[in-house]
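Let's take a walk through a protein together. Keep the picture turned so that you can follow along as we go.

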Amino acid sequence: MLAMAPKVSGSAQAVPHSRIRELAEMAMGMEGVLKLYFGESNVPTPEYIKRAAIKAMTDGYTFYTENAGLPTTRRAVARHYKELHGVELDGEKEIVITASGVQALNVSIRCVLDPGDEAIVLTPAWPNGSAIVRMANATPVEIAHPLAGDRYRVDLEALEAAVSPRTKLLIYTSPSNPLGWVATEEEQDGLLEFCRRHGLWLLADEVYERLYFRGGRPGEPAPSILRKASRQDAVIVVQSFSKSYCMTGWRLGWLAARSDLAARATRLNEFIVSHAPSFTQRAGETALLWGEKTLAEMVARLKENRDLCLAALGNMPGVKTPKPDGAFYLFPKIEGVTDSFEFCRKLLVEMQVGIAPGVAFGAGGEGSVRICYAAERTILEEALRRLKRFLEQPAARV
Ligand SMILES: Cc1ncc(COP(=O)(O)O)c(C=O)c1O
């Protein structure tokens, strides 16, 4: 008799397919699509960073490194916090270099959740947080950011109602993908107090920290939660080189956390990726050291793109777009749309414009779409013209 065919694990089956990917995969098989669905620009990594990677390889950075990353890279990240936020971190004990922001999320979540635990996730949010919680055999409890006028906010009452004896973690993203919402100081205080009172870990995804428009100058960071938290607080910050330095393909990030969590994440790293690639880490140090001018130019350009898109969307009937303070996304709500995936599919097929469906971002996302405005102006202008034409068709809103 044949043995029963083995199946993939229940926890692997519980992880849903990314609906952003699903749409992108359709677009990849098509010609002439204006692609605004992924969170990246078409600007290549600056030359000085590429040269640093080549030099690092030539200098012998081709071997294994420490699980927590090269001491020089950790020190560079600690310096970064001192300079940008006035926060003193111990690079050796409180920082772990990771092979991307996603990996930082992964190892952090793995360190704080046991099977059966719950994690509150503020949404609409990039779907990976909730998916990684599922991969840990735990349950994401999604709480939507309510929209008050032109601004999203944090619903502390809903958070209180969502806490159960199994809740161990709260995840939020600021600046947010897809909302562009940036937590105010008051909201940071509220979240921190909430987590302290309930004995929860607070995980702040701050990968868009440098793409912030409310500062006095382009490149000024959105305030990190680390300015508010003490080093004894159960706080984890997830970071990445992807967005600030146009390094999406390099897979380099870090986490900053209480020293016991950082030590545990270091230990787990051995069994996940061991460490981030050695020459990539060296290139990351160079990015932190010399990246300010390019970064400021990029943020100024992004702000112009944001304003251009906001103005164009403002002329489309039934389209309501909260003004974002950070990241590089707009999340317009489109009157009459109840199936954002179908709306985006039709827009793709009929107009060759690829944007991400709001439903991909969890609770509170349906009825909206995400537009990444990191592309060149000419692409954005043409995409918005096509979106407007599409919305003028009576059957467009599904
Ligand atoms: C909110 C958020 N967190 C983390 C990441 C991960 O970035 P990476 O894995 O490229 O470092 C992304 C990427 O899109 C993101 O949008």
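How many residues does helix α9 have, and how far does it reach from its first C-alpha to its last? Helix α9, residues 185-198, has 14 residues and reaches 20 Å, close to the 20 Å expected at 1.5 Å a residue. (The expected span is 1.5 Å times one less than the number of residues; helices are DSSP runs of H or I with at least four residues, strands are runs of E with at least two, and both are numbered from the N terminus.)

Before we go on, a word on what you're looking at. This is a predicted model, in which local features need pLDDT of at least 70 and side-chain atom pairs count only at pLDDT 80 or more, while totals for chains, interfaces and linings use all residues. Residues are numbered from 1 along each chain as its sequence is written, and side-chain values use heavy atoms, with hydrogens and water left out.

Back to α9. Buried here means under 20% relative accessible area, exposed means over 50%, and partly exposed is in between, with a 1.4 Å probe and protein chains only. The buried residues of α9 are Glu187, Gln188, Gly190, Leu191, Leu192, Phe194 and Cys195. An α-helix has 3.6 residues a turn, so residues three or four places apart point the same way. What do the buried residues of α9 pack against? Their partners are β3, β6 (151-152), α8 (156-162), β7 (167-173), β8 and β9, where contact means heavy atoms within 4.5 Å. After α9 comes glycine 199, with a positive phi near 65°.

Strands pair if DSSP finds at least two bridges between them. Strand β8 (residues 201-205) runs parallel to β9, joined by four bridges, and alanine 204 has valine 237 as its bridge partner in β9. With strand β10 (residues 253-257), β9 runs antiparallel, over five bridges. Valine 237 turns up again here: its bridge partner in β10 is alanine 256.

A pocket is an open set of points on a 1 Å grid over the protein atoms alone, where a 1.4 Å probe fits and protein lies on both sides within 12 Å along at least five of seven lines; lining residues have an atom within 4 Å of a point. Grid points are joined across faces, edges and corners, and a volume is the space filled by probe spheres set on the points.

The largest pocket holds about 640 Å³ of space. It has 27 lining residues, and the closest to its centre are Gly39, Val102, Trp126, Asn128 and Lys243. Our friend β9 (235-240) supplies at least two residues of this lining, as do α2 (19-28) and α6 (101-112). The largest share, three residues, comes from α6.

The second largest pocket has a volume of about 390 Å³. Among its 24 lining residues, Pro16, His17, Pro127, Asn128 and Ala131 lie nearest its centre. Which helix gives the most to this lining? That's α7, with six residues.

Finally, find the open sheet of three strands, in the order β12-β16-β15 with antiparallel pairing. Its edge strands, β12 (329-330) and β15 (356-357), each pair on one side only. Two bridges link β12 to β16 (residues 369-372), and tyrosine 329 stands opposite cysteine 372 in β16.
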